[in-house]
Amino acid sequence: MTRIIAGTKTEFTIDPDILALLPAQGSVELQRDAAGKVHHFHTHPVDEILVIIKGALKFEWDGGEHICRPGDTILLPAGTLHQSEALDEAIYAIATLPPAANPASN
């Protein structure tokens with residue numbers, strides 16, 4: 001059954017860097033991984049932009065590896081084989097964009 005729960009908070013603050021990730025139409029996902037969580041090697045059919053908000057993420061891709069920390073941004077072109085491991089609790093924002101819509105991929 002659908003319900004609407006009235007809220008008392010009517011104003012929210014969104015970090016401008018996260019807001020800037022929003023496409024003209026679409027969404028930004030917030031991901032939280034517990035320490036030790038591994039997303040094994042995989043690819044995506046769309047470009048992704050990841051912004052690390054909290055914690056440390058070991059990010060690996062074909063030909064590279066980097067420990068990403070708060071404030072780091074990962075520009076991940078569509079089709080890139082990659083994996084990540086949360087070194088502690090990690091929170092990050094993920095924006096997905098079709099490859100042609102992402103100026104970072106051009």
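This is a predicted model: local features need pLDDT of at least 70, side-chain atom pairs count only at pLDDT 80 or more; totals for chains, interfaces and linings use all residues.
Reader: Why is E60 called buried?

Author: The relative accessibility of E60 is 16%. Buried means under 20%, so E60 counts as buried.

Reader: Where is E60 placed, and which residues does E60 touch beyond four places away in sequence?

Author: E60 sits in strand β4, which covers residues 57-61. Leaving out residues up to four places away in sequence, E60 touches F41, E65, L81, H82 and Q83. Contact here means heavy atoms within 4.5 Å.

Reader: How many aromatic pairs are there by the rule used?

Author: The count is one aromatic pair. F59 and W61 form this pair, with 6.0 Å from centre to centre and 35° between the planes.

Reader: What makes the pair of F59 and W61 tilted?

Author: Ring centres have to lie within 6.5 Å to pair, and those of F59 and W61 are 6.0 Å apart. Planes under 30 degrees apart count as stacked, over 60 as edge-to-face and the rest as tilted. At 35°, the pair of F59 and W61 is therefore tilted.

Reader: How do you know whether F59 and W61 are buried or partly exposed?

Author: F59 has a relative accessibility of 4%. The limit for buried is under 20%, so F59 counts as buried. W61 has a relative accessible area of 34%. Exposed means over 50%, with partly exposed in between, so W61 is partly exposed.

Reader: What is the strand order in the open sheet of four strands?

Author: The order is β1-β8-β3-β6, with antiparallel pairing. The twist averages 20° from one strand to the next.

Reader: Why do β1 and β6 stand at the edges?

Author: β1 (28-33) and β6 (73-76) each have a single partner strand, so one side of each has no neighbour in the sheet.

Reader: How do you know that β3 and β8 pair?

Author: Two strands pair if there are at least two bridges between them. Strand β3 (residues 47-54) and strand β8 (residues 90-97) have seven bridges, in the antiparallel sense, so they pair. D47 stands opposite L97 in β8.

Reader: Which residues line the largest pocket, and which element gives the most?

Author: The lining consists of D15, D17, I18, A20, L21, I49, V51, I52, I53, G71 and T73. β3 gives the most, with four residues. Both α1 (16-19) and β3 supply at least two residues of the lining. The space in the largest pocket is about 190 Å³.

Notes. Residues are numbered from 1 along each chain as its sequence is written. Side-chain values use heavy atoms; hydrogens and water are left out. Buried means under 20% relative accessible area, exposed over 50%, partly exposed in between (1.4 Å probe, protein chains only). Axes are lines fitted to C-alpha atoms, for helices over the stretch in contact, and angles run from 0 to 180 degrees between N-to-C directions. On a 1 Å grid over the protein atoms alone, a cavity is a set of points where a 1.4 Å probe fits but cannot get out, and a pocket is an open set with protein on both sides within 12 Å along at least five of seven lines; lining residues have an atom within 4 Å of a point. Grid points are joined across faces, edges and corners, and a volume is the space filled by probe spheres set on the points.
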